[in-house]
Amino acid sequence: MNGRLFESVKRNGFRKWYERQLLSSHAHMVLAFLSMIALVGSMEAQRQAEDLTQLVDVLFVLLCALIGLWALRRYLFLLTQAEETANQASCPDCGDYGRFRPVCERVQAIDVCCRKCSRHWVITTPK
């Protein structure tokens, strides 16, 4: 994650990175919601099915549940990552939000420099 954050902020800027993280996380939330609707539909179909089709419907129930859990987990991870990073994006001196350039990357952190006042600080990245 650290290398992707560093490269993405360097290429597109922090605000674009943050916007993309939020859009990606919310797309996963929509996927989780749709998979839960499919799960309910599969459970209803399984209840009314017989023999081999019932087995197929059970597989669909399991598949929908797994996709939903994965999407929900991914949604929470991306949203938490974006928020934890955004909470550190204000310059400690001038208070300018999100206007920094990445200087170098470390393990679980990146060094950044404010574009307005040239203050250096460290943004730690979530694990």
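Helix α3 supplies the largest share of the nonpolar surface patch, with 10 residues. The model examined here is predicted. The patch covers about 1000 Å². Its members are Leu31, Leu52, Leu55, Val56, Val58, Leu59, Phe60, Leu62, Leu63, Ile67 and Trp70. Ile67 belongs to helix α3. At a relative accessible area of 34%, Ile67 is partly exposed, because its value lies between the limits of 20% for buried and 50% for exposed.

Neighbours within four places in sequence aside, Thr85 is in contact with Leu5, Phe14, Trp17, Ile123 and Pro126.

The largest nonpolar core holds 16 residues. Within this core, Phe14, Phe100 and Trp121 have the most contacts. Several elements contribute to the core. Helices α1 (2-12), α2 (14-48) and α3 (51-86) each supply at least two of its residues, as do strands β2 and β3 (120-124). Phe14 is also one of the contacts of Thr85.

The strands follow. Strand β1 spans residues 100-106, and strand β2 spans residues 109-114. The two run antiparallel and are joined by six bridges. Pro102 stands opposite Val112 of β2. Together β1 and β2 form a hairpin, with two residues between them. Gln108 sits in the turn and has a positive phi of about 60°. Arg106 lies in strand β1. With a relative accessible area of 45%, Arg106 is partly exposed. Arg106 and Asp96 are 10 residues apart in sequence. Their C-alpha atoms are 23 Å apart in space.

Charged pairs were then considered. Side chains of opposite charge can pair when their charged atoms come close. The structure holds four salt bridges. One of them joins Glu44 to Arg47, with the closest N and O atoms 2.8 Å apart. These two residues are three places apart in helix α2, which means that about one helical turn separates them. Glu44 is partly exposed, at 36% relative accessibility. Arg47 is exposed, at 61%.

A second salt bridge joins Asp93 to Arg119. Here the closest N and O atoms are 2.8 Å apart. This pair links distant parts of the chain, as its residues are 26 places apart. Asp93 is in the loop between α3 and β1, whereas Arg119 is in the loop between β2 and β3. Asp93 counts as exposed, at 54% relative accessibility. Arg119 is partly exposed, with a relative accessible area of 30%.

A further salt bridge is formed by Arg99 and Asp96. The closest N and O atoms of this pair are 3.1 Å apart. Arg99 is partly exposed, at 39% relative accessibility. Asp96, in contrast, is buried, with a relative accessible area of 17%. That value falls under the 20% limit, so Asp96 counts as buried.

Two further pairs of positions concern the helices. Arg11 is found in helix α1. Its relative accessible area of 59% makes Arg11 exposed. Arg11 and Gly41 are 30 residues apart in sequence. From C-alpha to C-alpha, they are 43 Å apart in space. Ala38 is placed in helix α2. This residue counts as partly exposed, at 32% relative accessibility. Ala38 and Ala71 are 33 residues apart along the chain. Their C-alpha atoms are separated by 14 Å.

Key: Residues numbered from 1 in each chain as written. Predicted model: local features only at pLDDT ≥ 70, side-chain atom pairs only at ≥ 80, totals over all residues. Heavy atoms only, no water. Pairing = 2+ DSSP bridges. Helix = DSSP H or I, 4+ residues; strand = E, 2+ residues; numbered from the N terminus. Core = buried A, V, L, I, M, F, W, Y, C linked by side-chain atoms within 4.5 Å. Buried < 20%, exposed > 50% of the residue type's maximum accessible area, 1.4 Å probe, protein only. Patch = residues over 30% accessible without salt bridge, like charges linked within 9 Å, V, L, I, M, F, W, Y side chains within 5 Å. Areas by Shrake-Rupley, 256 points an atom, 1.4 Å probe, with all protein chains shown as cover. Salt bridge = Lys/Arg side-chain N within 4 Å of Asp/Glu carboxyl O. Contact = heavy atoms within 4.5 Å.
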